Amino acid sequence: MVRMANLCCIAGHAINGVAAIHSEIVRTFTFKDFAELFPEKFQNKTNGVPPRRWLMFANPQLSGVITEAIGTDEWVTDTALLEKLGPMAKDPALHKKWIAAKQERKKLCADLILSSTGVKVSTDAMFDIQIKRIHEYKRQLLNIMGIIHRYNEMKAMTAEERALVTPRVCVFGGKAYATYLQAKRIVRLVTAVGDVINNDPEIGDLLKVVFVPDYNVSLAETLIPASELSQHISTAGTEASGTSNMKFQMNGCLIIGTLDGANVEIRECVGDENFFLFGIEEPEVEPARAERAAGKFVPDVRFTAVMDTIKSGMFGREGEFDELLASLEGNEGFGRGDYFLVAKDFGSYIECQAKVDAAYKDQVAWTESSIISTAFSGKFNSDRTIDQYATQIWDIKPLPVP
């Protein structure tokens, strides 16, 4: 057996992860022995995204507001200038323009949703978006199970109680590998749940669930600027970095997420109060799996209720999702035992979502957090990433343009 990664550790002069937590896992776990032999080789290079594409080009409405507020468009190449927005985050005049830009983008997104799915959504609702490759570790399954819990709760409410609910448009998008059956089953569950909720007259515009087909970068350029909440909810320690979280942050979107990948550094930049954190942390993951394997884990009753709802046949055909749900059952074994800890984090997740609902009702505070999100997104400029690679690994010099 040829172990290519081990050979690379020996032959390469530099080894890096693509987010602080990822680089730490590489150094202390994945290649621990090599890190002890060659500590000088190991370093971190947090990923980045180009603001020219993901803010200036994708969101001209917000870009115009930013340029007017800070008095220059040089932030496009010097994202440190975005920090000038920080002291303005409470300015009512800026709030008015910021909200207007977001509403314009939500209208464009609603038009896209209608044309691609046939579902009409309200732009007065919170736009809650999770767009990324469909994979069990990224936990779209946790998201849709949380939505089912929300739906169950709303159906049990009186009309008066329901009127107090924070309306949401929950958008999914992404592609699944052709042979990845569990990912395809997750997509099917999302669409089956949407078929029920979107046609429930008692719920109306209080909750919509859509899966946008044929996801690609062009669609992302419409979805990301419209998003107000974005979900980056992978099991702690499984996401190397993620870059869509950076794109959402640049566009003034708030994030609900775990301490995984670049979420850790985004939270450090925007402040704990502007990030909705839930779930166990990376050092707790293996003990949680051991607890499950030993048969000692007791799931949250709200998680069990969602499982029962799906099994009842309310969504799709009865038994259609048995194989998907089987991955969440049992204590261990291939495709069993809830390896990505959906049940473990479920209670924390829905409690954090309740905090999101409450926060969104205060639009002044929410808009302030949105401005802060953009203001402190400059670290995640890909220009910084490439410069670090060039100067600290590749040892190359810039070639000035004549």
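## Tyr360 and the aromatic pairs

Tyr360 is buried in this predicted model, where its relative accessible area is 9%. Its ring is paired with that of Trp366: the two centres lie 5.0 Å apart and the planes stand at 85 degrees, so the arrangement is edge-to-face. An angle over 60 degrees is what places a pair in that class. Trp366 is also buried, with a relative accessibility of 5%. Together with Phe276, Tyr360 and Trp366 make up one aromatic cluster.

A contrasting geometry is found for Tyr389 and Trp394. Tyr389 counts as buried at 15% relative accessibility, whereas Trp394, at 45%, counts as partly exposed. The total for the structure is 7 aromatic pairs. In general, two quantities describe a pair of aromatic rings: the distance of the centres and the angle of the planes.

## Overall fold and dimensions

The protein chain contains 18 helices and 8 strands. Its radius of gyration is 22 Å, in agreement with the value near 21 Å that a compact globule of 402 residues would have. Along the principal axes, the C-alpha atoms fill a box of roughly 65 × 60 × 35 Å.

Of the 402 residues, 53% count as buried. Among contacts with a separation of 6 or more, 75% join residues 24 or more positions apart in the chain.

## Surface and charge

The accessible surface of the protein chain amounts to about 18300 Å², and carbon and sulfur atoms contribute 57% of that area.

Helix H5 spans residues 60–70, and its buried residues are Gln61, Leu62, Ser63, Val65, Ile66 and Ile70. The cover over these buried residues includes four other helices: H4 (51–57), H6 (92–117), H11 (244–250) and H17 (363–375).

Directly after H5 comes Gly71, which adopts a positive phi of about 80 degrees.

## Strand S7 and Gly257

Gly257 belongs to strand S7, which covers residues 254–257. With a relative accessibility of 0%, Gly257 counts as buried. Leaving aside residues up to four places away in sequence, Gly257 touches His232, Ile233, Asn263, Phe275, Phe276, Leu277 and Phe278. One of these contacts, Phe276, is also a member of the aromatic cluster with Tyr360 and Trp366.

Gly257 and Gln130 are 127 residues apart along the chain, while their C-alpha atoms are separated by 11 Å.

Residues up to four places away in sequence being excluded, Glu239 touches Tyr137, Lys138, Ser234, Asp260 and Gly261. Between the C-alpha atoms of Glu239 and Asp345 the separation is 16 Å, and these two residues are 106 positions apart along the chain.

Which residues other than glycine have a positive phi near 60 degrees or near 50 degrees? Arg139 has a phi near 60 degrees, and Asp338 has a phi near 50 degrees.

Arg139 is situated between strand S3 (126–131) and helix H7 (140–155), and Asp338 between helix H15 (322–326) and helix H16 (342–361). Arg139 counts as buried at 0% relative accessibility, and Asp338 counts as buried at 3%.

Terms used: Residues numbered from 1 in each chain as written. Predicted model: local features only at pLDDT ≥ 70, side-chain atom pairs only at ≥ 80, totals over all residues. Heavy atoms only, no water. Helix = DSSP H or I, 4+ residues; strand = E, 2+ residues; numbered from the N terminus. Rg over C-alpha atoms; globule rule 2.2 N^0.38 Å. Buried < 20%, exposed > 50% of the residue type's maximum accessible area, 1.4 Å probe, protein only. Contact = heavy atoms within 4.5 Å. Areas by Shrake-Rupley, 256 points an atom, 1.4 Å probe, with all protein chains shown as cover. Phe/Tyr/Trp six-rings, centres within 6.5 Å; stacked < 30°, edge-to-face > 60°.
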